[in-house]
Amino acid sequence: MVPPARPAQFRSALNRRSFLVDVGMGFTGLALGSMLSRDGIVRADSASPFEAPDGLGHHVAKAKSVIWIFLVGGMSQMESFDPKPELNAWSGKTFAESPYHHFLDSPYSKKNLRELIEGLHQVHPKIYEMQVGFKKYGQSGLEFSDWWSHLGQHADDIALVRSMWTTDNNHGAQLQFHTGRHVLEGQFPTIGSWVHYGLGTLNENLPQFIVMGTPIADCCGGLGAHGANYLGPEHTGVQLAIDPKNPLPFASPGPDVYREEQAGEFGLLSRLNRISSVEYPDDQALAARIKSYELAFRMQAAVPDIVDFGQETQSTQEAYGLNNATTKPFGEQCLAARRLVEKGVRFVQIFHGSNGGAGAWDAHGSLKAGHSALCAQIDQPIASLIGDLKQRGLLDETLIVIGTEFGRTPGAQGSDGRDHHPYGFSVALAGGGIKGGIAHGKTDELGFHAVEDRHYVTDLHATVLQQMGLDPRRLEIPGRKRLDLDFGKPIDEIVA
């Protein structure tokens with residue numbers, strides 16, 4: 001293998017060490033290529049050689065951007081998007097005393113579950129009534145709980161999927177919701193990183209995958225919930241703080257450094273890194289570092305403008321709840337998300353409820369007090385985000401997803417809580433070519449099992465990728481075998 005010719009600007013930098021490295025790599029490549037060919041991993045005459053994404057997508061896209069809202073800890077489906085009057089009818093009774101005792105014998109109980117700690121989360125036999133009322137909204141009559149009354153005003157723009165399921169009954173499901181794999185299998189690329197990898201940039205001055213809010217804790221996947229794993233670090237989400245004075249603390253040079261001075265430093269670093277990249281062209285970490293330095297310099301001018309909400313009208317700020325201490329933190333994130341997708345950012349991921357542990361939505365006790373307070377923080381901002389995007393003509397090209405790692409049990413845990421529940425839960429979607437005013441899929445009468453049009457979490461991923469113009473099966477990377485479950489199937493019933 002003959003080493004590739006160096007660009008002219010680097011030929012003078014060729015020294016004895018570089019020469020020996022290149023020659024060594026050449027002989028190593030000959031041996032490695034022979035072994036890979038023998039093992040069937042690479043073939044010179046392959047009919048379908050791997051082609052990296054070109055950013056154009058695989059088919060016509062219905063959405064340009066995604067706003068992915070994740071509620072950390074496990075929101076109850078029965079107190080949000082999936083009313084179950086039978087819970088009230090049989091409240092206080094055990095499953096054995098109700099007409100629904102056979103739910104505990106469902107084959108889904110075995111099929112769904114892969115326990116991290118065996119026996120940690122038992123079935124709670126006493127049926128627990130709904131802790132909030134429901135109303136029908138819009139022409140569609142779609143039902144939302146009273147804690148989601150603002151979101152209900154946009155019922156005709158929303159699709160509820162009430163038949164989600166996952167396999168982890170502990171909070172590793174937070175990672176699983178984003179990667180599609182059980183935490184016991186390790187970390188894998190997330191949905192945001194696949195979008196970034198497949199489509200690239202629409203704005204050279206901003207990251208294409210941005211994360212707001214506090215990410216999930218290390219107990220439950222940590223930074224892996226917005227990581228890229230084997231796709232390479234350049235496809236990992238970039239964290240953004242809602243602080244006009246310092247939105248990117250990791251990229252700020254400090255107040256005592258002139259911009260011209262920093263530009264010179266970046267220029268020197270870029271030249272040094274590119275010299276190294278000639279010697280190590282396949283070093284993903286180095287390539288990502290070069291791009292990150294260049295992007296960080298450009299972002300210092302672009303990002304503060306994104307979080308300068310003084311540019312917005314007073315009525316817009318009030319609509320997002322910026323004048324209310326309860327709604328302001330999440331309202332600012334939703335408003336920033338709208339401004340980001342306006343600028344062409346592909347994927348905005350917002351975490352809500354991170355608390356350094358399992359998450360605030362983890363309602364083992366005091367469900368009514370906890371959920372009502374949490375919904376009060378986010379219901380108005382999310383509803384305003386949908387309305388604002390629609391008013392600006394952006395909702396059709398922006399896909400909003402509201403999800404959580406699993407649901408809560410129909411049975412009571414203690415006197416006023418619900419335990420983890422992977423067997424059936426709900427997500428909501430709006431915009432981006434999604435039908436509005438529909439509820440797809442069903443759980444049983446008590447909200448225990450997803451029983452009609454069941455969807456594993458990667459079906460949600462496949463739907464997002466399809467709307468963004470991507471075919472997940474064409475994103476598979478040589479040497480990284482993916483399971484059929486990883487790809488999922490688009491939920492076509494909710495697509496307009």
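What follows is a conversation that sets values from this predicted model against the definitions behind the words.

Trainee: To get my bearings, how many helices and strands does the chain have?

Mentor: The chain has 14 helices and 15 strands, and buried residues make up 51% of its 496 residues. Among contacts between residues at least 6 apart in sequence, 79% join residues at least 24 apart.

Trainee: What makes alanine 337 count as buried or exposed?

Mentor: The word buried is kept for residues under 20% relative accessible area, and alanine 337 has a value of 0%, so it is buried. Alanine 337 lies in helix H11, and, leaving aside neighbours within four places in sequence, it is in contact with Ile67, Met212, Val348 and Ile350.

Trainee: What is the angle between H7 and H13, and what does it make of the pair?

Mentor: The axes of helix H7 (residues 191-199) and helix H13 (residues 457-467) cross at roughly 25° and come within 11 Å. Since the limit for roughly parallel is under 35 degrees, H7 is therefore roughly parallel to H13. H7 passes H13 in a right-handed crossing, and the contact is made by Ile191, Trp194 and Val195 of H7 with His461, Val464 and Leu465 of H13. That contact has 5 nonpolar, 1 polar and no charged residues.

Trainee: Which residues have the most contacts inside the largest nonpolar core?

Mentor: The largest nonpolar core has 53 residues, and those with the most contacts inside it are Ile67, Phe144, Trp148 and Ile382. Helix H12 (residues 367-391) gives the most to this core, with 8 residues. Isoleucine 382, not counting residues up to four places away in sequence, touches Ile69, Trp148, Leu151, Phe330, Cys334 and Ile402. A second, separate core of 44 residues includes Ile191, Ile216, Ala225 and Val457.

Trainee: How do you know that asparagine 229 and serine 366 deserve a remark about phi?

Mentor: Most residues other than glycine have a negative phi. Asparagine 229, however, has a phi near 50°, a positive value, and serine 366 has a positive phi of about 50° although it is not a glycine. Asparagine 229 is in the loop between strand S5 (209-212) and strand S6 (238-239), while serine 366 is found in the loop between strand S7 (347-352) and H12.

Trainee: And why do asparagine 229 and serine 366 count as partly exposed?

Mentor: Partly exposed covers what lies between under 20% for buried and over 50% for exposed. Asparagine 229, at 41% relative accessibility, therefore counts as partly exposed, and serine 366, at 42%, counts as partly exposed too.

Notes: Residues numbered from 1 in each chain as written. Predicted model: local features only at pLDDT ≥ 70, side-chain atom pairs only at ≥ 80, totals over all residues. Heavy atoms only, no water. Axes fitted to C-alpha atoms, helices over the stretch in contact; angles between N-to-C directions. Helix = DSSP H or I, 4+ residues; strand = E, 2+ residues; numbered from the N terminus. Parallel < 35°, antiparallel > 145°, perpendicular 65-115°, else oblique. Left-handed = near helix turned anticlockwise from the far one by under 90°. Contact = heavy atoms within 4.5 Å. Nonpolar A, V, L, I, M, F, W, Y, C, P; charged D, E, K, R; others polar. Core = buried A, V, L, I, M, F, W, Y, C linked by side-chain atoms within 4.5 Å. Buried < 20%, exposed > 50% of the residue type's maximum accessible area, 1.4 Å probe, protein only.
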